[in-house]
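Here's a quick briefing to read alongside the structure.

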Amino acid sequence: MTGRGRFTAHVLRRKALSQATTMLVTERPAGFPEAEPGTFVSFLAGEGASSILRRPFGIMDLSADAITFVVKVVGAGSRWLAGRAAGDAVDFVGPLGGRLFAPPPAGRAVFVAGGTGLAPMIFAARSWRRRGLLERGVLLFGASCEEELMRGALEDEFDETHFATIDGSAGFEGDVVSLFASLLDDGSLAAGGMLYSCGPSGMVRALCERAGTAFEGHETSLETVMACGVGACRGCTAPLRGTDRFAAVCSDGPVFDADGIDWEGWDR
Ligand SMILES: Cc1cc2nc3c(=O)[nH]c(=O)nc-3n(C[C@H](O)[C@H](O)[C@H](O)COP(=O)(O)OP(=O)(O)OC[C@H]3O[C@@H](n4cnc5c(N)ncnc54)[C@H](O)[C@@H]3O)c2cc1C
Ligand code: FES
């Protein structure tokens, strides 16, 4: 990827998507290159010693003059970032990532997301739609409850959207993989085409098991704790199935063939 660098950008606007999650739109700084879905940047997220390690956040949308992110507050860094207001400056390094999502060869895609895994799925659908590479996109999105469904982030990028909530407050009651299974079983979700996912490892692992070979392929963007973000520290490794090798999620991924990950090794 060319044009990677350290950038400063001002926040253009922010919007609360739920109690814990904020959509942050920044300027696209001069020189920030085009980026494929799955790309992330690493933010300086705070002041003082706690901000030494940058925090990775995926791009949810990239236009000629703006970059959109979704930030869920889980600790000090994300709280600091989510608290930036219009006019504040943020500092990030990017675009980062080695392997990114590839568009569906036949134009048909099913996207399965959990939590903030929604961000790269939205970027993929919008970006491929704009370039005429997505004919039909179906989103299955799971969250703990209705409020966390972040409906305010969605526009009309998907042809069909199905929600699952663990507490049953909206959509299917249960997790998103059970929703996926029930839609496949009753024939309302067509197999074939490409499967794309992003979410907690347990979700993706269960999705691999349930999808089997029903799709052309299954690409997933992995979520790990990162330090350097550029392949130098080996602090973000994932075990590869059938080998004794580990991939660096930040620079070999974050996108991988989901079936190529040793999920049992990952959970150990
Ligand atoms: C490629 C990539 C893209 C990401 N995109 C987004 C995004 O679009 N929106 C978003 O809200 N978050 C995203 N994350 C997760 C985000 O980087 C972490 O939530 C953030 O770094 C936490 O920082 P913190 O200082 O708030 O929390 P910390 O105090 O560092 O950690 C708080 C808790 O979160 C856990 N945690 C820390 N980092 C991660 C991580 N990377 N993945 C999972 N758990 C973590 C810690 O183990 C701890 O339990 C992404 C992560 C990666 C690797
Ligand atoms: S975070 Fe350092 S190698 Fe990935």
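This is a predicted model: local features need pLDDT of at least 70, side-chain atom pairs count only at pLDDT 80 or more; totals for chains, interfaces and linings use all residues.

Residues are numbered from 1 along each chain as its sequence is written, chains are lettered from A and ligands numbered from 1 in the order in which they are written, and side-chain values use heavy atoms, with hydrogens and water left out.

**Around ligand 1**

- Ligand 1 sits in the largest pocket. For a pocket, take a 1 Å grid over the protein atoms alone and look for an open set of points where a 1.4 Å probe fits, with protein on both sides within 12 Å along at least five of seven lines. To "sit" there, a molecule needs more than half of its atoms within 2 Å of the pocket's grid points.
- There are 18 residues around ligand 1, and Arg55, Pro56, Val70, Ser78 and Thr224 come nearest. Being near takes a heavy atom within 4 Å.
- The shell splits into ten nonpolar, six polar and two charged residues. Here Ala, Val, Leu, Ile, Met, Phe, Trp, Tyr, Cys and Pro count as nonpolar, Asp, Glu, Lys and Arg as charged, and the others, Gly among them, as polar.
- At least two shell residues each come from β4 (55-58), β6 (66-72) and α1 (76-82), and β4 gives the most, with four. These labels are DSSP runs numbered from the N terminus: helices are H or I with at least four residues, strands are E with at least two.

**Polar contacts with the ligand**

- A polar contact with the ligand is a pair of N or O atoms within 3.5 Å.
- Lysine 72 has a backbone N or O atom 2.8 Å from an oxygen atom of ligand 1, and for glycine 77 a backbone N or O atom also lies 2.8 Å from a ligand oxygen.
- Threonine 224 places a backbone N or O atom 2.5 Å from a nitrogen atom of ligand 1.
- On its own, ligand 1 has 860 Å² of accessible area (Shrake-Rupley method, 1.4 Å probe), and the protein covers 71% of the 860 Å².

**The mixed sheet**

- Seven strands run in the order β11-β10-β9-β8-β12-β13-β16, making an open sheet with mixed pairing. Strands pair if DSSP finds at least two bridges between them.
- β11 (172-173) and β16 (255-257) stand at the edges with a single partner strand each, so one side of each has no neighbour in the sheet.
- β10 (160-165) pairs with β11 in the parallel sense over two bridges, and threonine 165 stands opposite glutamate 173 in β11.

**The antiparallel sheet**

- An open sheet of seven strands has antiparallel pairing and the order β4-β3-β7-β1-β2-β6-β5. Its edge strands, β4 and β5 (61-62), each pair on one side only.
- β1 (5-16) and β7 (89-96) pair in the antiparallel sense over six bridges, with alanine 9 opposite valine 90 in β7.

**Backbone details**

- Glycine 94 and proline 95 are joined by a cis peptide bond, with omega about -10 degrees; proline 95 lies in strand β7.
- The peptide bond from glycine 253 to proline 254 is cis, with omega near 15 degrees. Proline 254 lies in the loop between α5 (249-252) and β16.
- Methionine 150, a residue other than glycine, has a positive phi near 50 degrees, and lies in the loop between β9 (136-143) and β10.

Note on methods: A polar contact is a pair of N or O atoms within 3.5 Å; within protein, one must be able to donate a hydrogen and the other to accept it, and residues adjacent in sequence count only if both atoms are side-chain atoms. On a 1 Å grid over the protein atoms alone, a cavity is a set of points where a 1.4 Å probe fits but cannot get out, and a pocket is an open set with protein on both sides within 12 Å along at least five of seven lines; lining residues have an atom within 4 Å of a point.
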